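Please look at the sequence together with the model before reading on. The report below goes through selected parts of the fold, one after another.

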Amino acid sequence: MNERGLAESTQWAVLAPTLLGLVLGLVQLGVWLHSRTIAASAAAAVADVRALGASQDAAAREVGRRVAIAGGLQDVDIQLSTGADMVLVTVSGRAPLFFDLGQGRVAETAVLPREVVKP
């Protein structure tokens, strides 16, 4: 009696979900890394706009919010702190993951010196 067909189908029953989980995990990792890049880009955009001193905090935050939302971040929060000579921006948001196991929140920070604008 040949039982080879049963053994191969059992192997595929174990192997197929494992491969599917691996592929979905790689896609989810790519989405998470993309979200971190978008958060960093948004933080840099806010810092650039605010470091020049030409705009107010609200206008700079709006620039960062547009960058973050266009990149796919959800629940975007922008913290902006300006000192006498530095601008510190932290952009955080939620990555659009399939299965959020607590790693969906991303945050990136940008620090720039303030530009001195002479009249």
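## About the model

This is a predicted model, in which local features need pLDDT of at least 70 and side-chain atom pairs count only at pLDDT 80 or more, while totals for chains, interfaces and linings use all residues. Residues are numbered from 1 along each chain as its sequence is written, and side-chain values use heavy atoms, with hydrogens and water left out.

## Helix 2

Helices (H or I, at least four residues) and strands (E, at least two) are DSSP runs numbered from the N terminus. The 14 residues of helix 2 (residues 57-70) should span 20 Å at 1.5 Å a residue, which agrees with the 20 Å between its end C-alpha atoms; the expected span is 1.5 Å times one less than the number of residues.

In helix 2, Ala 60, Gly 64 and Ala 68 are buried (under 20% relative accessible area, with exposed meaning over 50%, for a 1.4 Å probe and protein chains only). Because these residues cover an arc of only 70° around the axis, they lie on the same side of helix 2; the arc is that of the directions from the helix axis to the C-beta atoms. An α-helix has 3.6 residues a turn, so residues three or four places apart point the same way. On the other side of helix 2, Ala 58, Arg 66, Ile 69 and Ala 70 are exposed.

Three strands form an open sheet in the order 1-2-3, with antiparallel pairing, where two strands pair if DSSP finds at least two bridges between them. Strand 1 (74-82) and strand 3 (105-113) are the edge strands, each pairing on one side only. Strand 1 and strand 2 (residues 86-94) pair over seven bridges, and Ile 78 has Val 91 in strand 2 as its bridge partner.
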